[in-house]
Amino acid sequence: MSSLLKIDNMSVSFATPRGNLRAVNDVTIELLKGESLGVVGESGSGKTVLSRATMGLLPGTATRTGTITYNGQIISELPKDEVRELWGTGMAMIFQDPMTALNPVRRIGAQLTESLTVRLGMDKKAAKLKAIELLMRVRIPDPESMLRKFPYQLSGGMRQRIMIAIAVSCEPQLLFADEPTTALDVTVQAQVLDLITELRKESDMAMILVTHDLGVVAGHTDKIAVMYAGDVVEYAPTRQLFSNMKMPYTEALLKSIPRLETPTGSRLPVIEGRLPDPTKNEPGCPFANRCPYVTDKCRAEKPPLTNAGNNHYYRCWFPIGGEK
Amino acid sequence: MSDVQQTVEVLPKLSSTKKKKPVGFYLSATWIGTVVFLAVFGWLLPTRPWDSADYDALGVKPFSPNHPLGTTGDGYDMLSGLVNGAKISIFVALVGVIIGGSIGTFIGVTSAYYRGMYDRVVTMIFNVMLSIPNLVLSLALLSVLAYSDENNPTTTSRRVGVLMLSLTIVVVPILGRIGRASALQWAGREFVLASKSMGTSNASIIIRHILPNVAPAILAIGFLAVGSLIIVEGSLAVLGIGVPGGASWGSMLANGRGNIAYSPHEVYMPAMAIALTVISCNWFGDYVRRALDKRESKI
């Protein structure tokens with residue numbers, strides 16, 4: 001399969017009153033056509049910025065360096081208008097919170113047909129038929145009456161389905177899903193993820209799934225990039241990562257997922273401490289202060305991205321399963 | 001058993017009282033409707049000509065058979081005067097708010113959406129304009145643009161034109177700032193970003209996503225502005241630089257104020273018309289805002 005998206009050495013920083021905030025450091029990622037990548041990390045690790053920067057949806061205070069190649073075209077050097085041409089039809093995004101990502105004063109039909117008429121130049125009748133078809137694809141019962149409803153009349157799960165319908169309306173090749181299930185009920189989360197995966201399979205759409213939940217990416221992605229403080233700290237095919245994880249951070253993330261078999265009343269393991277200040281550029285591994293296996297070397301020197309073979313990369317001096 | 005019955009009875013009552021509009025809504029809507037009707041169709045009514053005096057009835061008190069609202073000391077019929085005055089007062093205020101409001105909203109919303117240098121310049125100009133009191137600004141514009149003395153008198157239509165222009169200029173920064181503040185709040189919302197991420201153009205986003213959300217605030221303040229422009233028009237007339245010859249409510253008030261001692265109705269009739277219209281505009285604007293805000297508040 002051919003490469004759809006290639007991000008080379010991308011860094012993103014924001015100008016803030018407290019100085020330059022580095023949100024993404026030197027990230028290199030490749031995505032094939034129809035493939036799905038999970039980007040995992042805790043809040044503030046730079047995963048949302050990574051996806052928005054790739055699309056070009058950053059505010060004016062941000063600076064982005066590095067190269068982004070989409071379908072063989074270097075889009076990081078294109079003028080804004082031409083990148084915008086790709087939005088919707090080439091790349092589309094599902095947002096985290098379906099409560100705020102729909103306009104409260106406009107009907108579902110108007111919001112759903114907007115990109116169809118504006119981007120694809122459909123007339124109103126054709127757009128309405130297409131909208132009904134889209135609503136059926138995202139399993140919404142009675143799609144015709146749905147077109148006349150306002151967002152406040154729908155539940156969170158329904159709204160997220162509408163958001164998905166809007167995102168796939170122009171048949172993009174690459175879908176960014178920015179924590180699509182975080183704002184939803186646990187019972188609805190699985191349904192929404194299954195729906196996204198099914199839609200992807202139908203039209204061979206690639207996806208970047210951003211989440212903080214390792215459990216979510218396990219069944220829905222081909223490979224995973226674990227992010228910490230703006231760095232990709234582990235990057236591997238999904239099976240490989242779960243069977244043979246190298247990073248203490250990945251391990252800690254996995255441990256902090258609640259499990260059915262843990263005895264009642266026991267405390268959930270948490271990762272102690274906080275992310276380092278992104279405006280300061282301190283030496284050493286950024287995870288050193290929170291890592292259970294920390295050594296003096298970790299505090300002094302930042303580990304490079306190391307290849308463990310089988311497309312498995314990690315950023316640690318003392319990987320799990322290696323020599324201590 | 002009786003408890004259950006009570007709850008059943010209470011429930012529909014609650015929902016019906018919630019939907020009922022307050023009396024003030026109907027009162028203000030009726031008054032605004034009447035005034036607008038008189039302003040538009042008043043010339044079709046069989047009232048006496050407003051600009052010719054009845055010399056047999058000078059300073060007649062209200063509720064007399066020929067002159068239901070009385071006459072002025074010069075014999076002009078108050079009712080026809082008020083009906084005719086509605087035309088100018090409402091027209092001048094409405095045109096000022098509609099044109100000034102459109103310009104102001106456009107500038108305010110675009111500056112909130114695009115930000116940057118454009119926004120800073122716009123905000124600065126709005127602040128400078130707002131720092132000049134409405135009345136002083138209109139006064140200055142009127143006396144420069146519609147200056148008249150005995151040798152070259154200004155025509156009434158030119159005066160009305162300049163009056164509308166100056167009221168328009170007064171409204172631009174008021175509604176512009178409301179539009180900007182409201183649009184700022186909406187421009188940062190995720191649905192704007194979501195629409196942008198689908199490749200929608202900026203103009204489209206402003207028209208489809210931001211304006212419908214800004215509209216309630218603009219409409220509510222717009223109605224308030226209609227009220228205050230009617231007052232500004234009246235004040236200018238009393239100061240002697242409004243529409244001359246008793247052609248508007250303010251002008252009638254200005255003409256009648258010398259006779260307040262022996263025929264007070266000459267002052268309080270137009271004053272009441274102004275007051276009722278202004279209060280109705282405020283009330284009505286408030287209900288409009290509340291009605292349009294419902295969808296948002298339900299979230």
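In this predicted model, 13 residues of domain 1 of chain A touch 12 residues of domain 2 of chain A, a contact being a pair of C-beta atoms, placed from the backbone, within 7 Å. On the domain 1 side, helix α7 (residues 186-203) of chain A brings the largest share, 6 residues; helices here are DSSP runs of H or I, at least four residues, numbered from the N terminus. That side of domain 1 splits into 9 nonpolar, 3 polar and 1 charged residues, where Ala, Val, Leu, Ile, Met, Phe, Trp, Tyr, Cys and Pro are nonpolar, Asp, Glu, Lys and Arg charged, and the others, Gly among them, polar. Domain 1 covers 3-90 + 174-314 and domain 2 covers 102-169, with bounds from an automatic or database assignment. Taken over C-alpha atoms, the two domain centres sit 29 Å apart.

Over in chain B, the axes of helix α2 (residues 23-41) and helix α3 (residues 78-114) come within 8 Å and cross at roughly 100 degrees. The axes are lines fitted to C-alpha atoms over the stretch in contact, with angles from 0 to 180 degrees between N-to-C directions. The pair is therefore roughly perpendicular, a label for 65 to 115 degrees. Val35(B), Val36(B), Leu38(B) and Ala39(B) from α2(B) meet Val83(B), Ala86(B), Lys87(B), Ile90(B) and Phe91(B) from α3(B). By class, that makes 8 nonpolar, no polar and 1 charged residues.

Residues count from 1 along each chain as its sequence is written, and chains are lettered from A and ligands numbered from 1 in the order written. Local features need pLDDT of at least 70 and side-chain atom pairs 80 or more, while totals for chains, interfaces and linings use all residues.

Definitions and conventions: Two residues are in contact if their C-beta atoms, placed from the backbone, lie within 7 Å. Helices (H or I, at least four residues) and strands (E, at least two) are DSSP runs, numbered from the N terminus. Angles under 35 degrees count as roughly parallel, over 145 as roughly antiparallel, 65 to 115 as roughly perpendicular and the rest as oblique.
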